[in-house]
Amino acid sequence: VQEVTGQPIVIGEIGGVYTGKDKVWQDWAFAQIRKRGMGLFYFCLNPDSDDTGGILLPDWTTTNDGKLAVDTR
């Protein structure tokens, strides 16, 4: 636990399609991570990931604004 060790904690990877139940789960998970002062890496950047999609849309330039709107601070 971060409070005990004094070391930062970073989640190695979290992400998904960010729709339906997945969106509900991610919103909850990000709130918990933020509440505990932890960091994270969002999976993934590339749009051609079959099971999660990416932060980038298929043109590899435009961002998925829904995913970026999640407050992870």
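User: Which residues does Tyr42 touch, not counting residues up to four places away in sequence?

Analyst: Tyr42 touches Ile14, Gly15, Gly16, Tyr18, Gln26, Phe30, Ile55 and Lys67. A contact here means heavy atoms within 4.5 Å. A quick note on the background: this is a predicted model, where local features need pLDDT of at least 70, side-chain atom pairs count only at pLDDT 80 or more, and totals for chains, interfaces and linings use all residues. Residues are numbered from 1 along each chain as its sequence is written, and side-chain values use heavy atoms, with hydrogens and water left out.

User: What makes up the largest nonpolar core?

Analyst: Eight residues: Ile14, Tyr18, Ala29, Phe30, Ile33, Tyr42, Ile55 and Val70. Helix α2, residues 20-35, gives the most to this core, with three residues. The set is called a nonpolar core because that term means buried Ala, Val, Leu, Ile, Met, Phe, Trp, Tyr and Cys residues joined through side-chain atoms within 4.5 Å. As a rule, nonpolar side chains in soluble globular proteins tend to be buried together.

User: Why is Phe30 called buried?

Analyst: Buried means under 20% relative accessible area, exposed means over 50%, and partly exposed is in between (1.4 Å probe, protein chains only). Phe30 has a relative accessible area of 2%, so Phe30 is buried. Across the protein's 73 residues, 26% count as buried.

User: What makes Phe30 and Tyr42 a tilted aromatic pair?

Analyst: Rings of Phe, Tyr and Trp (its six-membered ring) pair if their centres lie within 6.5 Å; planes under 30 degrees apart count as stacked, over 60 as edge-to-face, and the rest as tilted. A search of the whole structure finds one aromatic pair. In that pair, Phe30 and Tyr42 sit 6.0 Å apart centre to centre, with 35° between the planes, and the pair is tilted. The pair also links distant parts of the chain, with Phe30 in helix α2 and Tyr42 in strand β2, 12 residues apart.

User: How do you know that β1 and β2 are joined, and which way do they run?

Analyst: Two strands pair if DSSP finds at least two bridges between them. Three bridges join β1 (residues 10-14) to β2 (residues 39-42), and these strands run parallel. For one of the partners, look at Ile11, whose bridge partner in β2 is Leu40. Helices (H or I, at least four residues) and strands (E, at least two) are DSSP runs, numbered from the N terminus. The protein has three helices and two strands, in the pattern α-β-α-β-α along the sequence.

User: Which hand does the β-α-β unit of β1, α2 and β2 have?

Analyst: β1, α2 and β2 make a right-handed unit. Right-handed means that, with the strands pointing away from the viewer, the path from the first strand over the helix to the second runs clockwise.

User: Is Tyr18 buried or exposed?

Analyst: Tyr18 has 12% relative accessibility, so Tyr18 counts as buried. Tyr18 lies in the loop between β1 and α2, and its phi is near 60°, a positive value in a residue other than glycine.

User: Why does Trp60 count as partly exposed?

Analyst: Trp60 counts as partly exposed because its relative accessibility is 47%. Trp60 also has a phi near 60°, positive in a residue other than glycine, and its place is in the loop between β2 and α3. Cys44 lies in that loop too, and a cis peptide bond, with omega about 0°, joins Phe43 and Cys44.

User: What does the side chain of Asp22 make a polar contact with?

Analyst: The side chain of Gln26, at 2.6 Å. A polar contact is a pair of N or O atoms within 3.5 Å; within protein, one must be able to donate a hydrogen and the other to accept it, and residues adjacent in sequence count only if both atoms are side-chain atoms. A polar atom of the Asp22 side chain also lies 3.1 Å from the backbone nitrogen of Val17. Asp22 lies in helix α2 and is partly exposed, with a relative accessible area of 22%.
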